[in-house]
Number of protein chains: 2
Amino acid sequence: MSNNHAFDQAIALTPRSDNLYQGKTSEAFQNMVGPFGGTTAATLLQAVLQHPQRLGDPVSLTVNFAGPVGDGEFEVEATPLRTNRSTQHWLLLQKQNGEVVTSATAFFAIRRDTLTEQQLSAPPAPAPASLQRMDISIRNWFKQYDFRFVHGIPLMGRAEGQPLDTESLLWVRDAVERPLDFTSLTAMGDVFAPRIFLLRKSFTPSGTVSMTHYFHATSDELEKVGSGFLLGRAQASRLHNNYADQVAHLWSEDGLLLLTSTQSVYFKE
Amino acid sequence: MSNNHAFDQAIALTPRSDNLYQGKTSEAFQNMVGPFGGTTAATLLQAVLQHPQRLGDPVSLTVNFAGPVGDGEFEVEATPLRTNRSTQHWLLLQKQNGEVVTSATAFFAIRRDTLTEQQLSAPPAPAPASLQRMDISIRNWFKQYDFRFVHGIPLMGRAEGQPLDTESLLWVRDAVERPLDFTSLTAMGDVFAPRIFLLRKSFTPSGTVSMTHYFHATSDELEKVGSGFLLGRAQASRLHNNYADQVAHLWSEDGLLLLTSTQSVYFKE
């Protein structure tokens, strides 16, 4: 791992005592209010990954964004709630000034070879090299990624007479090359903007309140992806009374499904 | 609410002290090992619903099944982690003999009228009255529901030459009439069997490790559904090395999307 990479710096944690880590928000991954949620999620996962009692690899991760993360230092409490023979359940709390800003639960397991079957194929998409790299600077963290949209660019509106459609399809990879691992996959699972921005041309306050990742990818599969592009698709099922869901998937360039992710997203109006 | 209903008895909690409740597993909702996960999830949600500090209605719920729940009594610790002006984050721990058997996080909010848009339509399905009620007795909790499968019956195998397909489409309602509420919707979001049973004719040990519900339905919408049937669809995106995901949706009979749910499910081989 190249610890000089902006992403590694953003998710770096220093052990303070048993189950307690300290981190610091990253200028490079700033969002409009506080840090990019994907970095926060990756930082919480990182606490488990570097915990001396950690068993196996991540299978699921749920992150609840409880309040704004202020610029500067924070603490992460990582508590193994239950350890079985080959599985482990974690509770993760990110705190600032003694107050919970993010809570999370994670499930880790030692995985063995079994039947393997992919039901959801990657949607057809032009090769990333044939698409324009997105030139966007409204959010700092955006610059950390190389985005190539196939369709569904947020806040662009839609052509007259086109149906409402919340689907985005895009290629993404780290702007500065970095081999894919569980932390960067976690962050890339959160690169999709709130789906309300696909229905509206003008901005409305919005943000993820809860996000759940299921890691299909095993370490060997991540290694094969390396620093290649991932194909991501996100779409809402319903938006109603301040909250929308969003179901997303990330595939490797050769069509392997690496991550299933869902979010509950607040939108103001 | 009819407190004599088997479901209400299964999820009943007695307050013991601040943030602490006591419950008891239900014979009626037994699964092969321990209680039906849907009842466990509903019981944890119930702890928040009856908590004196509760704010608003459920928007998201994640439940991690950490270990088997033994027959008999259990405790539920319900802790408000963070309360904002119109939102609230909860941590829920179900314990037996001091050990965590289930952990959960829940997000509640006061919801206001906004843009409302449903992107995912209910799939076409014959009316429930035109379909045979499922006659099945392998699991006790199954008998508590009136199931009418359109397709995708677990462990039935598939016709020669048919492609592998993990999708189930079915109608479901409480076998004994009961008006839908957030707790029963929570349980019905877990009625779908592990998707591995759609690929296999023979049983393999399997079970949910983590489940996330997003509640689209607001109280007024639940009230309109009453004790009507819900249409449920579940499908896996990928099954690999002991774990599969499963994305599910529940619609009212008139096509309103009430719940988006995802699971990470263990399967042995």
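The count of salt bridges between chain A and chain B is 4. This is a predicted model, and the values given here are computed from it. One of the salt bridges joins B:Arg82 to A:Glu99, whose closest N and O atoms lie 3.4 Å apart. Strand β6 of chain A, residues 99–109, supplies 7 residues to the side of chain A that touches chain B, the largest share of that side. By class, this side of chain A holds 28 nonpolar, 27 polar and 13 charged residues.

The extent of the interface may be considered next. In total, 68 residues of chain A are in contact with 68 residues of chain B. Together the two chains bury about 5500 Å² between them, and 53% of this area is on carbon and sulfur atoms. Between chain A and chain B there are also 51 residue pairs in polar contact, both residues being at pLDDT 80 or more.

Strand β12 of chain A (residues 238–240) pairs with strand β7 of chain B (residues 117–118) in the antiparallel sense, over 2 bridges. Within this region, A:Arg238 stands opposite B:Gln118 of β7(B).

The same surface serves both copies, for 100% of the contact residues of chain A recur in chain B.

Notes: Residues are numbered from 1 along each chain as its sequence is written. Chains are lettered from A and ligands numbered from 1 in the order in which they are written. This is a predicted model: local features need pLDDT of at least 70, side-chain atom pairs count only at pLDDT 80 or more; totals for chains, interfaces and linings use all residues. Side-chain values use heavy atoms; hydrogens and water are left out. Contact means heavy atoms within 4.5 Å. Buried area is the accessible area (1.4 Å probe) that two parts lose on being put together, summed over both. A salt bridge is a side-chain nitrogen of Lys or Arg within 4 Å of a carboxyl oxygen of Asp or Glu. A polar contact is a pair of N or O atoms within 3.5 Å; within protein, one must be able to donate a hydrogen and the other to accept it, and residues adjacent in sequence count only if both atoms are side-chain atoms. Helices (H or I, at least four residues) and strands (E, at least two) are DSSP runs, numbered from the N terminus. Ala, Val, Leu, Ile, Met, Phe, Trp, Tyr, Cys and Pro count as nonpolar, Asp, Glu, Lys and Arg as charged, and the others, Gly among them, as polar. Two strands pair if DSSP finds at least two bridges between them.
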